Amino acid sequence: YNEYKSYLRKMRIAVLSCDGQGKWTETFDEICNNTFVLNDDVSIKIYHCFKGEIPTLESVEGFNAVVCMGSRHSALEELPWMLQLEKFFLSLQNTNIKLVGLCFGHQLICKAYGAKIGKVKTGFAFPTDVIKFDLSKAPDSIKNLFSMHMNKDTHQMKLLQSHGDEVTELGPGMINLATSDRCKHEVVFIRDNIFTLQGHPDLDKTLMMEKIWPSLVERGVFKHESKNNVESEITNLDTQSFRELMHDFFKA
């Protein structure tokens, strides 16, 4: 009975995996645990969306939150599973279930709600950006949430980044909450239960340099010689603060 009670008390998060590459599937559980399990009272269910495993509103009933993760795919590809996900995102708009998107997830959720997606004008964004918050148009609940976790003096956060696409134009009713030098729409408020982030609070320096960096060099995005410069940029991150911010949002 006590076990059942603790199961009911647990925060339940559905995590949408959008990248089937072996280098990610082998570490995905660990990434989810590090990002979302900040205490013992969290249980995670993973949907492998790239295999066509798409949740429905019924299947996530009783969940606190749904998080759509990153992907090597572009939201502009409009693969069948992505279009199904967009429909699913729209089904969450009048519910108490929180929806958050990270990187690709940010772009796909924003696209579902009417935003436009395009290429990053300054070229591929990697490995970090300092995002500057402007919460003046945000509802009070969001204002309080973000104010609690960002740097009180600078109103900034430094987060990991790895993206070639971005949200170029907001959809109806969306509010931009943060901007960086490279990207205008870093954090977007969509509904009281939905916000998205272009950055990667789910990754760390090791994952960035071991899993992403080699493919960027291979594709000619960066030269191998710039590795030390790139690596030295990955310091003083606010990754943990953003993880805590998401946790508080899911709990609210």
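This is a predicted model: local features need pLDDT of at least 70, side-chain atom pairs count only at pLDDT 80 or more; totals for chains, interfaces and linings use all residues.

Trainee: Pocket, then. What volume does the largest pocket have?
Mentor: About 600 Å³.

Trainee: How many residues line the largest pocket, and which lie nearest its centre?
Mentor: The lining has 30 residues. Nearest the centre are Asp19, Ser71, Arg72, His73 and Ser162.

Trainee: Which helices supply at least two residues of the lining?
Mentor: α2 (22-25), α3 (28-36), α5 (104-112) and α7 (205-218) each do. The largest share comes from α7, with 3 residues.

Trainee: New topic: α6. Which of its residues are buried?
Mentor: α6 covers residues 140-149, and Ile142, Leu145, Phe146 and His149 are buried there. Look down the helix axis: those buried residues fall within an arc of 85°, so they line one face of α6.

Trainee: And what's exposed on the other side of α6?
Mentor: Asp140, Asn144 and Met148.

Trainee: What do the buried residues of α6 pack against?
Mentor: Several strands and a helix. The strands are β6 (128-133), β7 (156-160), β9 (175-179), β10 (187-191) and β11 (194-197). The helix is α9 (239-251).

Trainee: Single residues now. Where is Asn193 found?
Mentor: In the loop between β10 and β11.

Trainee: Is Asn193 buried or exposed?
Mentor: Buried. Its relative accessibility is 6%, and the cut-off for buried is under 20%.

Trainee: Which backbone oxygen lies 2.9 Å from a polar atom of the Asn193 side chain?
Mentor: That of Leu92. Leu92 is also among the residues in contact with Asn193, once neighbours within four places in sequence are left aside.

Trainee: OK, His185. Where does it sit?
Mentor: In the loop between β9 and β10. His185 is buried, with a relative accessible area of 4%.

Trainee: What does the side chain of His185 reach at 2.7 Å?
Mentor: The backbone oxygen of Val167.

Trainee: And what else does His185 touch?
Mentor: Not counting residues up to four places away in sequence, its contacts include His106, Thr168, Glu169 and Leu170. Asn176, Ala178 and Gln198 are also among them.

Trainee: Switching to Cys68. Where's its place, and is it buried or exposed?
Mentor: Cys68 is in strand β3. At 0% relative accessibility, Cys68 counts as buried.

Trainee: Which residues is Cys68 in contact with, leaving aside neighbours within four places in sequence?
Mentor: Leu16, Cys18, Phe89, Val100, Gly101, Leu102, Gly105 and Ile109.

Trainee: How far is Cys68 from Leu85 in space?
Mentor: 9.4 Å, C-alpha to C-alpha. In sequence, Cys68 and Leu85 are 17 residues apart.

Trainee: Last one, Glu58. Buried or exposed?
Mentor: Exposed. Glu58 has 59% relative accessibility, and exposed means over 50%. Its place is in the loop between β2 (42-48) and β3 (65-68).

Trainee: How far apart are Glu58 and Asp238?
Mentor: C-alpha to C-alpha, 35 Å in space. Along the sequence, Glu58 and Asp238 are 180 residues apart.

Conventions:
Residues are numbered from 1 along each chain as its sequence is written. Side-chain values use heavy atoms; hydrogens and water are left out. On a 1 Å grid over the protein atoms alone, a cavity is a set of points where a 1.4 Å probe fits but cannot get out, and a pocket is an open set with protein on both sides within 12 Å along at least five of seven lines; lining residues have an atom within 4 Å of a point. Grid points are joined across faces, edges and corners, and a volume is the space filled by probe spheres set on the points. Helices (H or I, at least four residues) and strands (E, at least two) are DSSP runs, numbered from the N terminus. Buried means under 20% relative accessible area, exposed over 50%, partly exposed in between (1.4 Å probe, protein chains only). The arc is that of the directions from the helix axis to the C-beta atoms. Contact means heavy atoms within 4.5 Å. A polar contact is a pair of N or O atoms within 3.5 Å; within protein, one must be able to donate a hydrogen and the other to accept it, and residues adjacent in sequence count only if both atoms are side-chain atoms.
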